[in-house]
Amino acid sequence: MPPPHSTQPPSPLPPRPRLLQSLGSCSRRAVTSAASSPSPSPPGWPRPLRYAVLGAGFAGLSVAWHLLQQSPKDSRVSVDVYDENGVGGGASGVSGGLLHPYSPAAKLLWRGGEFWKESMDLLRSAEKANDTAGSDAFDKYIYLSPSRGILRPPTTEKAADILLENAQSCLQSCSLQVLDSDAAQRLIPGLHVPLNLAVYMPLALNINPRKYLQALFSACQNVANEASTSSSEQKEFNLYNEHIDNLHQFSGDYDAVIICLGGKASSLPELTNKLPLRTCRGVIAEFQLPSDTVEKYGSQSPSILSDAWLAFQGPCTVSVGSTWQWKSDNHDPSVSDEEARTATEELLPKASAVYPGISKWDYVRARAGIRAMPPLTANGSLPLLGCLNDVIGERSNCAFWLVGGLGARGLLYHGLAGKLTAKAVISSDENMIPSEFTCWKAIKASR
């Protein structure tokens, strides 16, 4: 394996964007609406197109945003989002939040550049909503870490060889830099680099998922509010905090229903044993540095991606993840003392292998979520998209669609998945979605 070259850390990045105040929780049957009650339709106007989006996580809010953005001009559109836990209250809100378009071996994912671009476009839309809201408190930022970067130090020779080979091909918009030990340790003092090699992603991001989703929700509100002032179009955007028992409760009210429920999609009676998804519960542990500790984590240091990932949220707080408990049906985000103890016993040795200083940090709490993992294809593990009417045997004027199986890459996949699905829903044409995302229908569902 040829030795890596030494690379100096990049110059500091511009100030981070601001985030709006947290959204309040809505009671059951309550609605948060982006626009006031629509005015009566002018004579000759078509009836409004009504869409229901089930789930207010990454997939659901991406679909909602693109439905509002891509709906035809001079049209009336209503987008209703249903989620009993509110915005980011499910697995999306407790995910790790590290965003980059590469596999753990630093290989660019299939259509990775497109996934990255669409996610970045949504982030910019959320940032614009933040700027409009005018919040400047540190804990309201979308980005948890002051630096936009992730460092990947391999721990085995095989992993190092693969990383070094894959690092030769990367996106210009999310470049990879091969560092030696000295350069890596200048970025992260105290980092252990066992093989004198680390791959640095200076443009990768460390996102606070729930705050980002709150900002994207506000961006959807803004689109509807702006349209409400137009004489030629009307758009409504509503959030209902309601439990979803089945799909038939929506069929008479909507032109299309888009299911973005993650691991809960398979629990709907119409979809039981019909989706090739595996559930996996992941636990993330949060640690804090004791207040009397002199050495802090560098305010400009990147997060770390290794056998465990360490997402630093400033100099004194870090989230470490994640465990993988397959076939779990436990959707409770709370974590018992026993589950937390088991998770930390698994995660801390992996984290210590690259950042020994984590032993000085105190455990604070743990959180958990269910990933909906898709089947492996020739192009990797891809989201499941497409129309469900044939799958569930539904024959009605309402079309049912799925955005599911985003797995552990929900933050990367959600932008493109939502955009493709919105185009297909608006045109009532599944062929708008590349066949690689719809071929799952030929796979027998997991039991």
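Of the 447 residues in the protein, 55% are buried, a figure that refers, like every value below, to a predicted model. The accessible surface of the protein comes to about 19200 Å², and carbon and sulfur atoms supply 49% of that area. In its secondary structure the protein has 8 helices and 20 strands. When contacts between residues at least 6 apart in sequence are considered, 81% of them join residues at least 24 apart.

The aromatic residues were examined next. A pair of aromatic rings is described by the distance of the centres and the angle of the planes. The count of such pairs in the protein comes to 15. In one of them, formed by Phe250 and Tyr254, the ring centres are 6.2 Å apart and the planes meet at 50°, so the pair is classed as tilted, since that class takes in the angles left between stacked pairs, under 30 degrees, and edge-to-face pairs, over 60. Phe250 and Tyr254 are both buried. A further pair, that of Tyr297 and Phe312, is stacked, with 3.5 Å from centre to centre and 5° between the planes. This pair links distant parts of the chain, as Tyr297 belongs to the loop between strand E11 (278–288) and strand E12 (303–305), whereas Phe312 belongs to strand E13 (residues 309–312), the two residues being 15 residues apart. Tyr297 and Phe312 are likewise both buried.

Arg278 lies over the face of Trp326, at 4.3 Å from the ring centre. For Trp324, the residue placed over the ring is Arg371, whose charged end sits 3.8 Å from the centre of that ring.

Ser103 is located in the loop that runs between strand E4 (98–99) and helix H2 (112–133). The relative accessibility of Ser103 is 15%, and Ser103 therefore counts as buried, the cut-off for that class being under 20%. Once the neighbours within four places in sequence are left aside, Ser103 is in contact with Leu109 and Arg409.

Definitions and conventions: Residues are numbered from 1 along each chain as its sequence is written. This is a predicted model: local features need pLDDT of at least 70, side-chain atom pairs count only at pLDDT 80 or more; totals for chains, interfaces and linings use all residues. Side-chain values use heavy atoms; hydrogens and water are left out. Helices (H or I, at least four residues) and strands (E, at least two) are DSSP runs, numbered from the N terminus. Buried means under 20% relative accessible area, exposed over 50%, partly exposed in between (1.4 Å probe, protein chains only). Contact means heavy atoms within 4.5 Å. Rings of Phe, Tyr and Trp (its six-membered ring) pair if their centres lie within 6.5 Å; planes under 30 degrees apart count as stacked, over 60 as edge-to-face and the rest as tilted. A charge sits over a ring if NZ of Lys or CZ of Arg is within 6 Å of the ring centre and within 35 degrees of the ring normal. Accessible areas come from the Shrake-Rupley method with a 1.4 Å probe; for residues, only the protein chains shown count as cover.
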